[in-house]
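Please look through the structure below with these questions beside you, and try each one before reading its answer.

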Amino acid sequence: MRSEFLFTSESVSEGHPDKVSDQISDAIVDLFLSKDPEARVACETLTTTQRVVLAGEIRCKGVYENGAWVGGADKEIEDVVRRTVREIGYEQDGFHWETLEFENYLHGQSVHIAQGVDAGEDGSNKDEGAGDQGIMFGYASDETPDLMPATLDYSHKILQRMAADRKSGAAPFLEPDTKSQVTLRYANEKPVEATAIVVSTQHAPGYYFHNGEGDAARYAELEAYVKGVIADVLPAELLTENTVYHINPTGCFEIGGPDGDAGLTGRKIIVDTYGGAAPHGGGAFSGKDPTKVDRSAAYITRYLAKNVVAAGLARRCTIQIAYAIGVSEPLSLYVDLHGTGKGVTEAQLEKVLPSLVRLTPRGIRTHLGLNKPIYRTSAAYGHFGRKPEGDLFPWERTDLVDALKAAVG
């Protein structure tokens with residue numbers, strides 16, 4: 001690792017059009033899992049001006065059977081979509097939870113996929129297979145208390161704070177669509193200075209000033225508020241006289257969300273994971289039930305990597321795992337400690353980790369308790385680096401630390 005360099009990560013708020021789509025897709029996953037813990041869901045969402053469109057494949061007892069919706073489930077799906085948009089905060093002429101047009105093109109899961117994924121019945125010994133082929137990565141770093149890359153951790157937290165202030169009324173000039181970007185200078189593998197911070201936020205009419213146009217006083221209020229949030233989120237020693245701020249650098253940002261730019265499920269995968277500080281397997285998470293290893297295996301690799309770092313066995317850890325569709329056992333497991341291992345080698349961990357957690361799709365879901373309606377909360381501000389509370393974010397627990405230490409001696 002270079003001794004000194006600049007690194008940047010971005011985040012987007014729950015009101016960003018792609019994140020609106022992710023949250024709707026995961027709200028549908030939660031709805032189906034609440035009805036049937038063994039539901040199969042692959043839900044894609046398109047959002048644009050005054051329109052939400054769902055498409056994908058499902059199998060869910062009591063919701064969709066024999067090619068038809070059961071017991072008014074189609075109306076329940078629409079209610080979930082509108083409620084999700086309302087909770088995000090969209091009541092704008094170009095995108096309003098109550099008046100948007102809704103289209104539902106979800107249909108039954110392919111039997112050819114189902115035959116590979118389902119566990120054997122009628123005495124068969126076939127275990128549940130992976131829902132798709134793929135490679136998944138997990139990562140952890142001791143840069144922050146959440147064991148996440150600092151650039152992404154701070155980017156997320158800036159937007160979470162702004163969303164909370166918008167909803168509480170503390171910052172009434174904010175609208176839902178917001179983006180952040182944090183650039184840090186690293187020395188000896190540690191962040192030592194914020195060199196640039198970007199925040200672009202949708203705002204109420206008039207809260208801009210650019211090229212002599214707009215309201216200078218209102219923009220100054222917005223700018224002072226954003227800088228205050230940044231100062232609250234980042235450690236004081238990172239903000240210096242060299243830190244450059246770009247707050248709504250394009251000027252007016254009144255048209256935003258799906259009205260300003262169409263949104264699709266799965267277009268913010270680097271925001272969802274590690275902000276570019278670690279590899280990404282390529283598959284998105286939102287809209288997928290936990291038999292899809294794009295989701296569940298990415299969670300278990302984060303869980304394992306986080307426990308390795310939390311156990312003090314390394315300062316940084318990357319784990320890769322690979323699957324074939326319909327096959328239960330992983331094809332490979334790879335560990336990289338980036339030269340930061342302490343008394344343990346990658347080869348040791350590659351032997352130890354599968355003995356602590358069964359890495360089949362069913363083993364992962366059982367160990368982490370993934371067959372529950374826990375996913376919409378994960379669909380904004382990152383799937384990783386969050387606080388495990390109750391059933392939420394079980395992959396962020398560090399309950400494997402003692403077993404890891406014992407296993408490696």
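Q: What distance in Å should the 19 residues of helix 4 span, and how far apart are its end C-alpha atoms?
A: Helices (H or I, at least four residues) and strands (E, at least two) are DSSP runs, numbered from the N terminus, and the expected span of a helix is 1.5 Å times one less than its number of residues. Helix 4 covers residues 150–168, so at 1.5 Å a residue its 19 residues should span 27 Å, and its end C-alpha atoms agree with this, being 27 Å apart.

Q: Where do the residues and the values used here come from?
A: This is a predicted model, in which local features need pLDDT of at least 70 and side-chain atom pairs count only at pLDDT 80 or more, while totals for chains, interfaces and linings use all residues. Residues are numbered from 1 along each chain as its sequence is written, and side-chain values use heavy atoms, with hydrogens and water left out.

Q: Which residue follows helix 4, and what is its phi?
A: The residue to look at comes after helix 4 and has a positive phi. It is Gly169, with a phi near 95°.

Q: Why is strand 10 described as largely enclosed by the rest of the structure?
A: Buried means under 20% relative accessible area, exposed over 50%, and partly exposed in between, with a 1.4 Å probe and protein chains only. Strand 10 consists of residues 174–187, and it is largely enclosed because the number of its 14 residues that are buried is ten.

Q: How many bridges join strand 10 to strand 1, and how many to strand 11?
A: Two strands pair if DSSP finds at least two bridges between them. Strand 1 (residues 4–12) runs antiparallel to strand 10, and Thr8 stands opposite Thr183 in strand 10. Strand 11 (residues 190–203) also pairs with strand 10 in the antiparallel sense, and the bridge partner of Ser180 in strand 11 is Val199. The bridges number nine for strand 1 and eleven for strand 11.

Q: Which residue in the turn between strand 10 and strand 11 has a positive phi?
A: Strand 10 and strand 11 form a hairpin with two residues between them. The turn residue with a positive phi, of about 55°, is Asn188.

Q: How many disulfides does the structure hold, and which cysteine has the sulfur nearest to that of Cys60?
A: A disulfide is a pair of cysteine sulfur atoms within 2.5 Å, and the structure holds zero of them. Cys60 is in no disulfide, since its nearest cysteine sulfur is 12 Å away. That sulfur belongs to Cys43.

Q: Is Cys60 buried or exposed?
A: The relative accessible area of Cys60 is 1%, whereas Cys252 has 37% and is partly exposed. Cys60 is therefore buried.

Q: What is the order of the strands in the open sheet, and which strands stand at its edges?
A: The open sheet has four strands in the order 8-3-2-15, with mixed pairing. Each edge strand has a single partner strand, so one side of each is left without a neighbour in the sheet. The edge strands are strand 8 (101–108) and strand 15 (263–264).

Q: How many of the 18 residues of helix 8 are buried?
A: Helix 8 (residues 293–310) should span 26 Å, and its end C-alpha atoms are 24 Å apart, which agrees. Helix 8 is largely enclosed by the rest of the structure, because the buried residues among its 18 number 17.
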